[in-house]
Structure formats: structure tokens, C-alpha cells
Amino acid sequence: MTGAGADSLDLLEHTPVAVFVLGVDGTILAHNAGMQVWLGAEGSASDDGLRGRNIVEWLTAASRMLYETQVMPRLLETGRLREVMLETRDSWGERRAALVNAELRHADDGRAVAYVAAVETTARAAFEKELVAARRETELAHRRLMLLQDATSALAVANGLGDLGETLVSAASRATSAAWTSVRLVDRSDETDIAVREWGQAPPGVTLAARPASPGQQLVCRDAEQIARAVPQDAAALRAAAIEALVTTPIVRATGERTVVLGQIRCWFRRARSLESDELETLRALAAQAERVVDHLRLRDQLQHHALHDGLTGLPNRVLFAERLQRMLHRTGLDGEPCAVLFLDLDGFKGINDRLGHGVGDEVLRIVAARLQRVCRVSDTVARLGGDEFLIAASGMDDAETARFAERVRRVVREPLDGAAAGSPLSASVGAVHWRPGADSAAPSADEVIAAADAAMYRAKRAGKDGVQVDALVR
């Protein structure tokens with residue numbers, strides 16, 4: 001190139017900025033030394049340097065597409081281009097980024113040419129990438145900290161193992177965005193793991209049988225191939241459920257040289273996952289939090305159970321029975337479905353207890369409790385009121401059904417006893433009340449219904465024992 005274009009470039013020969021002139025087809029018409037530095041072509045032996053070659057030779061694939069579809073069309077349309085980032089590969093294959101500005105001019109011969117200045121920003125781009133990465137790490141750390149703080153706060157006010165399980169499921173799901181998350185707590189004996197509670201949800205048809213190689217080891221499978229290698233016994237079921245990644249995090253306690261598994265946090269994914277270190281560390285931190293509180297919450301559950309259950313038979317006591325009965329009465333008032341309450345007093349129990357001793361008497365009470373549960377539905381509540389008195393609450397019972405049910409209860413108590421009490425007579429006086437809400441009637445209280453059933457039971461006892469008295473509760 002001749003004329004003013006070439007003379008002006010001489011003034012910028014030693015600037016660190018790459019300055020060059022392009023034809024509209026991308027051919028390099030003139031350039032300064034800075035361009036050779038930018039493109040890593042300082043060693044070119046030609047007197048013409050890079051002239052005659054096309055700029056697209058150095059552009060990366062993405063930048064070439066940008067150059068051909070947007071940069072040159074915009075320059076030809078507007079005559080000016082400001083701060084466009086282009087990336088090249090130098091002679092050694094290294095990527096170099098530059099911020100490009102250009103103006104369209106006309107040479108002495110009338111041809112349209114582009115005057116271009118490119119400021120290399122490779123170091124700046126690398127710094128910005130590092131800055132973005134650092135910001136992402138900071139955001140992830142903050143997110144993880146907030147998640148763990150939320151879990152810690154929830155566990156601090158947890159009211160038993162149920163709260164623990166639900167908190168872990170929620171936190172693990174948030175940490176990993178898993179398709180399914182479940183938490184399982186176990187009691188370990190010397191020979192086997194016995195599941196005591198489970199929360200969350202597993203994929204349909206999947207029960208993960210695999211155990212990590214070490215009890216305290218996190219099992220991580222990032223894709224289907226790793227699943228097939230790590231858990232071959234589960235691979236078919238997982239494949240059928242379209243599971244392509246999973247992680248199992250044990251909740252463990254180290255006791256001396258022995259590691260005891262208390263449970264697992266399990267996450268399943270529909271797609272292959274990278275499962276970054278921050279996600280895995282968050283799961284391990286949640287497991288560590290669970291280990292610290294599980295015994296306390298298990299003890300709380302046990303205390304609550306003892307406070308609401310009869311220690312001899314394991315049945316609900318009067319307090320828990322009254323709570324459940326009140327809920328049943330409320331539902332009855334809403335849906336109109338009748339319900340019934342039975343009050344039982346054992347006939348002949350005092351003689352067994354006095355003659356054979358309290359140990360045999362206790363065994364008889366346990367037998368009666370088991371028999372009552374046998375004739376009741378899962379939805380019914382059987383309770384021991386104290387001594388030899390029992391209560392049953394059942395929904396969906398009208399007057400005829402209540403009478404039949406009370407008679408079935410009376411007969412099951414009369415079944416012969418075995419063991420130390422074999423041959424001893426035992427029966428029950430049963431008082432029953434049923435209630436169907438009227439149009440304007442309010443639901444009775446649990447105490448009112450229990451008192452009415454108690455009164456019916458005493459009439460049955462006064463009538464000669466081993467009988468049934470059924471009344472309707474009128475409001």
C-alpha cells in the first residue's frame with residue numbers, strides 16, 4: 001500500500017498496539033510491528049511481513065464466525081466499529097484476545113479499506129476469568145454457608161427424628177438439585193442394619209443395596225458407566241429408572257477404631273452430573289450435623305413415646321387417645337361420617353392378678369392388648385386407660401355397626417388364655433357410644449365421649465358383666 005496510509009503506519013511502528021489496514025475481503029494490506037507481536041509472527045523473514053495474508057487465518061472458529069457474520073457487515077454498513085472482542089491463535093497455538101476498533105476509509109486508488117487498531121487483552125481476559133471464577137466460588141461458599149446455617153437452625157429446634165429427616169432431605173435437595181432425595185436412619189446390631197425411619201423419596205422401583213467399600217466413604221457415581229462399575233448389583237434397576245448419577249453420603253460415628261453407620265443421605269439424578277467438590281462437601285457437612293444430634297433426637301422421641309404410651313402394653317395412653325379422638329370428632333363434624341368409642345373393663349382380671357401374681361397379670365394385659373389390635377383396623381385407635389380398662393376409637397360406625405363391633409371385641413377377650421393363666425376365666429364389660437352429627441350440632445369433646453362410654457360400660461357391668469351396652473350420643 002502507498003500514500004498516507006503507509007506513512008501514518010510508520011509513526012506507529014513501535015507502539016504495543018497492533019495497527020493494520022485490511023481490505024474488505026480480510027487481506028492484510030499494511031501493518032506495524034505490534035501486529036506481528038500480537039499474532040506471534042515476529043520471526044517472519046519476508047520483507048512484506050504479513051501483507052497479503054488474510055486475517056481469518058489467525059481467528060479462532062468462534063471469532064471467525066463473528067467476524068464474517070457481524071463485524072465486517074456492520075463495518076461496511078456503518079463505517080465504524082467500536083470495542084469488539086476477537087480471539088486469535090498465535091504461531092504457538094496459544095489463544096490471544098484483543099479489543100478491536102476500526103473505521104472504513106478509501107485508499108488513494110478508491111478502494112474501501114479498514115483501518116484497525118487491536119489492543120491485546122489476553123492478560124485482562126485471564127484476570128476477568130479468574131475474577132468470575134473467584135466470584136462464583138464466593139457465591140457457592142456463601143450459598144453453602146447459608147444452607148448449613150438454615151439446617152443448623154432447624155436442627156436446633158428439631159422435635160425428634162422426624163424433624164431431623166425432613167431437614168436433611170430439604171437441605172440435601174437444595175444443595176444438589178437432585179431428582180430424588182432420601183434419608184435413612186438405621187439401628188446397627190452386630191450382624192445387620194435394621195431400618196428404623198426413612199424420609200424423602202427414592203426413584204420408583206429402586207432400593208439401593210450397595211454399600212461403600214469403607215463404612216465412612218461417600219459413594220459417588222457421576223455417570224452410568226461409574227454406576228455399572230461401583231454398584232453392579234443395582235445397575236439394572238437404576239438403568240430402568242433412568243438414573244445416570246447418584247451419591248450416597250453415610251452418617252457415621254467413629255468409636256475408637258470402629259466406624260458405626262447410623263444412616264445415609266441418598267441423592268439420585270436423571271442426568272450425568274459433575275458433582276463438584278462443594279456439593280459433596282455440603283452433603284458430608286449435613287451428615288456430620290446429623291451425627292451430632294441423632295442420639296439427642298432419638299432420646300427425645302423415646303421420651304415423647306413414653307409420655308404418650310402405656311409402658312406395659314405399648315398402646316397409646318389416655319392423653320394420646322384423647323388427642324386422636326378429638327381429631328376424629330372434628331373430622332366427623334366436617335364430613336358427617338359417624339364414629340364410635342368403646343370402653344372396656346375386664347371381668348375376672350383381679351382374681352388372676354391376686355391368685356397368680358402381678359407378673360402373670362401383666363402378661364394377661366399384654367395378651368388382651370394384642371387381641372384388641374387384631375380385631376381393630378389400622379385406622380382405629382386402641383388405648384390402655386390404666387389398670388384393666390381399655391378404650392377403642394373407630395370411625396365410620398353407625399349404631400348397628402357399633403353394636404356388631406362391640407360384640408366382636410367382647411368375644412375376642414373371652415378367648416381362652418394359655419400359659420400361666422390357662423383355665424382362668426376372663427371376659428369384658430363393654431360400653432359403646434356412637435355419634436353422628438346433626439345439622440346444627442357441635443362436635444362433643446373427647447372427655448364427653450369417654451365419659452359417656454364409661455357410663456355405658458358401668459350399665460353393662462351392673463347388668464351382670466360380660467355384656468355390651470350401646471348408646472347414641474345426643475347433642
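The exercises below, each with a worked solution, concern helices and a sheet in a predicted model.

**Exercise 1.** Find how far helix H8 reaches from its first C-alpha to its last, and state where H8 has a kink.

*Solution.* Begin with the extent of the helix: H8 covers residues 277-308, which makes 32 residues. Next, take the span from the first C-alpha to the last, which is 44 Å and lies close to the 46 Å expected at 1.5 Å a residue. Finally, follow the course of the helix, where a kink of about 45 degrees is centred on Val 293.

**Exercise 2.** Determine how helix H5 is oriented relative to H8, and describe which kinds of residues make their contact.

*Solution.* First consider the axes: those of H5 (residues 161-176) and H8 come within 9 Å and cross at roughly 175 degrees. Because angles over 145 degrees count as roughly antiparallel, H5 is roughly antiparallel to H8. Then look at the residues that meet, which include Leu 164, Leu 168 and Ala 172 of H5, and Leu 286, Ala 290 and Val 293 of H8. Val 293, a member of this contact, is also the residue on which the kink in H8 is centred. Sorting the contact residues by kind gives twelve nonpolar, three polar and three charged.

**Exercise 3.** Determine how helices H9 and H13 are oriented to each other, and name residues through which they meet.

*Solution.* Start again from the axes, which for H9 (residues 318-335) and H13 (residues 446-462) come within 9 Å and cross at roughly 105 degrees. Since the range from 65 to 115 degrees counts as roughly perpendicular, H9 and H13 are roughly perpendicular to each other. On the H9 side, the residues are Arg 318, Phe 321, Ala 322, Leu 325, Gln 326 and Leu 329, and they meet Ala 446, Asp 447, Val 449 and Ile 450 in H13. These residues divide into seven nonpolar, one polar and two charged.

**Exercise 4.** Work out the order of the strands in the open sheet of five strands, and decide which strands stand at its edges.

*Solution.* Write down the order, which is S12-S13-S11-S14-S15, with mixed pairing. Strands S12 (381-386) and S15 (468-472) each have a single partner strand and stand at the edges, so one side of each is left without a neighbour in the sheet. From one strand to the next, the twist averages 20 degrees.

Key. Residues are numbered from 1 along each chain as its sequence is written. This is a predicted model: local features need pLDDT of at least 70, side-chain atom pairs count only at pLDDT 80 or more; totals for chains, interfaces and linings use all residues. Side-chain values use heavy atoms; hydrogens and water are left out. Helices (H or I, at least four residues) and strands (E, at least two) are DSSP runs, numbered from the N terminus. The expected span of a helix is 1.5 Å times one less than its number of residues. The bend at a residue is the angle between axes fitted to the seven residues ending there and the seven starting there. Axes are lines fitted to C-alpha atoms, for helices over the stretch in contact, and angles run from 0 to 180 degrees between N-to-C directions. Angles under 35 degrees count as roughly parallel, over 145 as roughly antiparallel, 65 to 115 as roughly perpendicular and the rest as oblique. Contact means heavy atoms within 4.5 Å. Ala, Val, Leu, Ile, Met, Phe, Trp, Tyr, Cys and Pro count as nonpolar, Asp, Glu, Lys and Arg as charged, and the others, Gly among them, as polar. Two strands pair if DSSP finds at least two bridges between them.
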